[in-house]
Structure formats: structure tokens, C-alpha cells
Amino acid sequence: MSGHDHGDDGVSRRKVLECMTWAGTGVLWTVTGGVPRSLGIIDSAQAATAAVPGMSFLQISDSHVGFDKPANPNALGTLEEAVGKINAMPAKPSFMIHTGDITHLSKAAEFDNAERIISQSKLDVHYVPGEHDFLDEEVKFYRERYGRGTKGQGWYSFDAGGVHFIGLVNVVDLKAGGLGNLGAEQLAWLQDDLRGKSKSTPIVLFAHIPLWTVYPEWGWGTEDGGRALEQVKGFGSVTVLNGHIHQVMQKVEGNVTFHTARSTAFPQPAPGAAPSPGPMKVEDTKLRSMLGVASINFKQNEQRLAIIDTPLQG
């Protein structure tokens, strides 16, 4: 996809459209007509929730329950801290989206532990799988828990607060270091799902691996993601939420806002900053500043969407 600029503000807008924000701690973005505007540093999601009334929901990602390596010997504990932060919000979000890698090794006990902690939020949670959730031979543990009522390998859609949400699966048969893939069956379903929807309906796509190409050398992108984005480009407000890369990254193309979330387990290096991706060990005092959750606010009739990334600490 490419952004098209018109008028005298083309140069400045193009700079904004090409801007990618790394590890922004608590910057509140509002998006009107597809163009982002930063409202400055927000101390916490609580302040943002009060500042932007309307429907709000949370994104949580890459819990990696079961991970116990030096980058974070207690991934379950930091997930519990994240849920505690959610429970401390004065305005209860409408629901939560988890963009995959709930577990580290797809073990039944890991799924059970994740459910035990995440359920403490007392929120409805909408899941999509990460590649770490599809490691068991029959991929039954994820599907038994979260696959009911979904199509194909686990994709589905729902409506909330005037917004149409679409959960996509791009981790099936993923090769090590390879790009994500949606496949022809899912793309055909997506086209059918969108048929008849008003172009003024705000759309939120969420999947584990970024649907846009972040860094193909590390497999940080989706091979046929452009075909999915082509199907939503006519809508006035589109937001794409992903995980997988364990860091905040944002960009805007036209009316499409892309956002990747932090992990609640461990950080990964910025693209190209290390020989390969993977768990990144940082000082213990710095770890929680690199983990966190995202709060997304939508105000009806203004097509304004704000994403607030809140670290566990800092």
C-alpha cells in the first residue's frame, strides 16, 4: 500500500506518514481521517481514558507463559503485573484483544496458567494465535480453548461499539525466520466478511505477525498481507494491531494506522540491531519499562482512535 498526498501540506504529511515511532512510552495518538496527531506524553492509560471518552479496549500480546530464560525468568509474574495494571484502571475497558503467543511452548499447563491470570481481568478476551501457540502436534490446546465458533484455522469477526473487528491467523505452517501467511481461503473469507459493510464503518484488523513489512530479513511481516490491506483500503478508518516483534512501532498509510504492541514477557531487539531476533536480556531495573499493554479508545461519530502504550514501569 502507499499513501497519496495532495495539496501544499504534502511534504509535511508525507514525513508523518513515513514516521515510525519506536518504544514510545505512553504517547497518546489520535487518528482523524487517517492522519495521526500526537497529544504528548501521557503518564498512564488512566489519564488517557479520562481524556478520550467513548469505547475503549485493550491490546495485550506475547505473554509467552512458560518462558523462564534469563531475559525474564518469570514471564507469568510480569503477565500478572500487566493484568494488575489493567484492573487498576478507573474506567473499565469494554474488552481485551490478545494478539498471540499466549504460551511459549503450547503446553496444556501453560495455557491453563495464562487463562488463570488473564481471567483475573474479568474482561471478555478475543484471541488470535501466535506461532508459539501452534507447536503441539495436533494444535489442539489452542483450538480447544479459543477455536470454538471460528472459521478455518481460527479466524473470525465481531462488532462492538460501531467498530467491526476482524481476527486473522497468519502463523500456520510458519517456517523459522519466514514471513507470516494468510492463505487463499482466509483472504476469500475476509472479502466475504467485508461485503456489504458501509465504508464509514471503522475497521480493526488484528493478527499476531505484522500485516505490514517491518523487517523481512527477520520474518517480521506477512507475505500476502498486502492482499488483506487492499480489501480494507476503501474504508475511512482502518487500524491494524499486531504483536510478535515485542516493541512499539507505528506508521500510517492513507487511512490505515499500523501498531505493534509490547510483550508482557521480554523485549526483542530493534530490527537490524542484533544478528537475529529473539529474547533480549536487559538490566533487571529496565525490564519492566520495555514490557506493557496498549489501551485503544474510539469516540463514536468522530472516527477518532487513540492508542496509548503503557509500560509496566516508568
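Across which strands does helix 6 lie, and at what angle does helix 6 run to strand 7? In this predicted model, local features need pLDDT of at least 70 and side-chain atom pairs count only at pLDDT 80 or more, while totals for chains, interfaces and linings use all residues. Residues are numbered from 1 along each chain as its sequence is written, and side-chain values use heavy atoms, with hydrogens and water left out.

Helix 6 (residues 184-194) lies across strand 6, strand 7 (163-167) and strand 8, and runs at about 170° to strand 7. Here contact means heavy atoms within 4.5 Å; axes are lines fitted to C-alpha atoms, for helices over the stretch in contact, with angles from 0 to 180 degrees between N-to-C directions. Helices (H or I, at least four residues) and strands (E, at least two) are DSSP runs, numbered from the N terminus. Helix 7 (residues 225-232) lies across strand 8, strand 9 and strand 11 (256-260), at about 170° to strand 8.

Six of them form an open sheet in the order 6-7-8-9-11-10, with mixed pairing (two strands pair if DSSP finds at least two bridges between them). Strand 6 (156-160) and strand 10 (249-253) are at the edges with a single partner strand each, so one side of each has no neighbour in the sheet. On average, neighbouring strands of this sheet are turned by 15° against each other, direction ignored. Strand 8 (residues 203-206) and strand 9 (residues 238-242) run parallel and are joined by four bridges, with Ile203 opposite Val238 in strand 9.
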